[in-house]
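Thanks for coming, everyone. Let me put the structure up on the screen and then walk you through it.

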Amino acid sequence: MNKEDLICIENLNVKFGQQMVLDNVSLGIRAGEVVGLIGPNGCGKTTLLNAISGFVPIEAGTISFDGRDIMNLAPDKRATLGIGRSFQHAGVFKELSVADNIIIGAEKAEKFPWWWMFASHYRKKMDKIVNNTLEDVNLLAHKTSLAGILSGGQIRLLELARLQLFEGKLLLIDEPTAGVAPALRQQLAKTIKKLNQEYGFTVIIVEHDLKFLFNLVDRVVVLVDGCKYIEGTPEEIQKDKRLQEIYFGNGD
Amino acid sequence: MIKVISMGYFFTQLARLCETAIMSVGAHLTIAVSGIFFMGIPVTFSLAAYALVIAQNFGLSLVVSLIISFSAVLIASLIFVIAYLKLSDDSFTVFTLASILAFDAAVKSWDSLTGGVLGIAGISRPEFVSTLAKLAWFQFALAILALAIEQVILKTRLGRALRAMKEDKYLVESLGISRRRAGATVILISSFAAAVSGIVSIWRLQFLDPSFGGIILLIQIVTIAIIAAKPKVRWLAFATLIIVLLPEALRFLDLPSSIVGHLRNLFYALILLVMIKNISDKLLPQKRFI
């Protein structure tokens, strides 16, 4: 770990009942990096994201973000500090309209006053934000529809579009390609790259589609049975025989 | 035998409608909009009325009695907020349901203060609502105000947070919105709306006993909240209108008065069944769940 790390995880243990889900995991991620988290199902990838965002109690270890200990902060406080999150099961509100899904993120990020809906200049400003954001992901035509009618891929795009507006430094993205058709994956990858390169987010991605992931990330961390097994560049990881045995099977 | 509709009857129904609308704002915001099954509304409804009447019986002025009444409601609602923050969703619902029974038992047993099962009679109305007509119009103004406040809440950040919370509390928190603060706020609003409704109701009835509030009232407001399934004020107004006025048809039938109340509850149950079985699928848009 070094002082330049945006997020620093040290000796992290998470236990569900008697089962140790994360066992002594340490990880440092520098600002501006895109890091992929891979490993077999049940190895603790999502739990690690949940621990960073404050959704699971931690047995032992420390997590600091931007030089600040965040162990005792509730999830909403961590988000306010700048840790954004997308979920394995797409994080949109299906009962809200597509526009409201953007507004709920934008009004917080833009620090609009609570009464902004009643002032025309704020309404115009918000309308512009919503239109631009939805246009970016080809969802403008669905602006007034309920988000629940969108397809799986469109829901992912809507979720990532809202993340663009997030006022923060770190994004935790959990399985972005889950349930998304190959044709839309390119657009997803483009959006994630944009989040990193144009919006300056540091990104941690959990993903099972390794081709998709290796084209996107600077570094890969492999978890096996709750422990950090290996980490390195995508090229190094692909060459590692131990990983091929553990993650892909031994080919028998 | 059809009874003749008098102005007194009209104002009584208008007042009942407005009292229910004020109280249902809280139930709508908690149950229908936020998905928080807060069942303690009848408690703050009755507590406000008892505190006001008891304070006035001790010779205190209306203003001081109102302050005492709202202070008592504030304490009760803070207890509900603490329960909301500390308990799981299911346990919170059971806790608030149990509070209705606990309050009922306290009122019945503390008869030196509350009049026990016999209640307190001869409650006078304040000067500015001295007649039923004046009271009904005052209540009408309060109901419009309550619905307008709900409209504002639904349009603002809090309303969006409450609607989002109902669907996914974790996602809401990941956006930096405090689910606890939003839930606590809506429980306080709900408690105070019920308190206002309790106070104006007792000015209409001028009699207070343990049957004021309780489970029967809860059935009514939960029915309204469920029928007004959408987070829209016009749905709430429509549901209140149906639930308060439709059972009135029973009054015009030659039925023994002892069974009219039970028939009204049966009517609410039937409406709920119809709503759940048929109407909700047709009125609420189809979404993808899988």
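Some housekeeping before that. This is a predicted model, where local features need pLDDT of at least 70 and side-chain atom pairs count only at pLDDT 80 or more, while totals for chains, interfaces and linings use all residues. Residues are numbered from 1 along each chain as its sequence is written, and chains are lettered from A and ligands numbered from 1 in the order in which they are written.

Okay, chain A. It has 9 helices and 10 strands; those are DSSP runs numbered from the N terminus, H or I with at least four residues for helices, E with at least two for strands. The radius of gyration of chain A is 19 Å, close to the 18 Å that the globule rule gives for 252 residues, so chain A is as compact as a globular protein of that length. That radius is taken over C-alpha atoms, and the rule is 2.2 Å times the number of residues to the power 0.38. Along the principal axes, the C-alpha trace of chain A spans about 60 × 40 × 35 Å.

Chain A is split into domain 1, residues 5-89 + 168-248, and domain 2, residues 93-149, with bounds from an automatic or database domain assignment. The C-alpha centres of these two domains of chain A lie 28 Å apart. Of the 252 residues in chain A, 42% are buried. Buried here is 20 or more other C-beta atoms within 10 Å of the residue's own, exposed is 12 or fewer, partly exposed is in between, and C-beta atoms are placed from the backbone.

Now chain B, with 12 helices and 2 strands. Read along the sequence, the pattern of chain B goes α-α-α-α-α-β-α-α-α-α-β-α-α-α. A compact globule of 290 residues would have a radius of gyration near 19 Å, and chain B agrees at 19 Å. The C-alpha atoms of chain B fill a box of roughly 60 × 45 × 35 Å along the principal axes. Buried residues make up 42% of the 290 residues in chain B.

So where do the chains touch? On chain A, 25 residues are in contact with 19 residues of chain B, contact being C-beta atoms, placed from the backbone, within 7 Å. Helix H2 (75-81) and helix H3 (98-109) of chain A are the elements giving two or more residues to that side of chain A, and H3(A) gives the most, with 6 residues.

H7(B), residues 157-167, and H9(B), residues 179-205, pack at about 105 degrees with axes 10 Å apart. That makes H7(B) roughly perpendicular to H9(B). Axes are lines fitted to C-alpha atoms, for helices over the stretch in contact, and angles run from 0 to 180 degrees between N-to-C directions. Under 35 degrees counts as roughly parallel, over 145 as roughly antiparallel, 65 to 115 as roughly perpendicular, and the rest as oblique. B:Leu158, B:Ala161, B:Leu162 and B:Met165 of H7(B) meet B:Arg179, B:Ala182, B:Thr185 and B:Val186 of H9(B).

H1(B), residues 7-34, also packs with H7(B), at about 45 degrees with axes 8 Å apart. That makes H1(B) oblique to H7(B). B:Leu29, B:Val33 and B:Ser34 of H1(B) make this contact with B:Leu162, B:Arg163, B:Met165 and B:Lys166 of H7(B).

Note on methods: Two residues are in contact if their C-beta atoms, placed from the backbone, lie within 7 Å.
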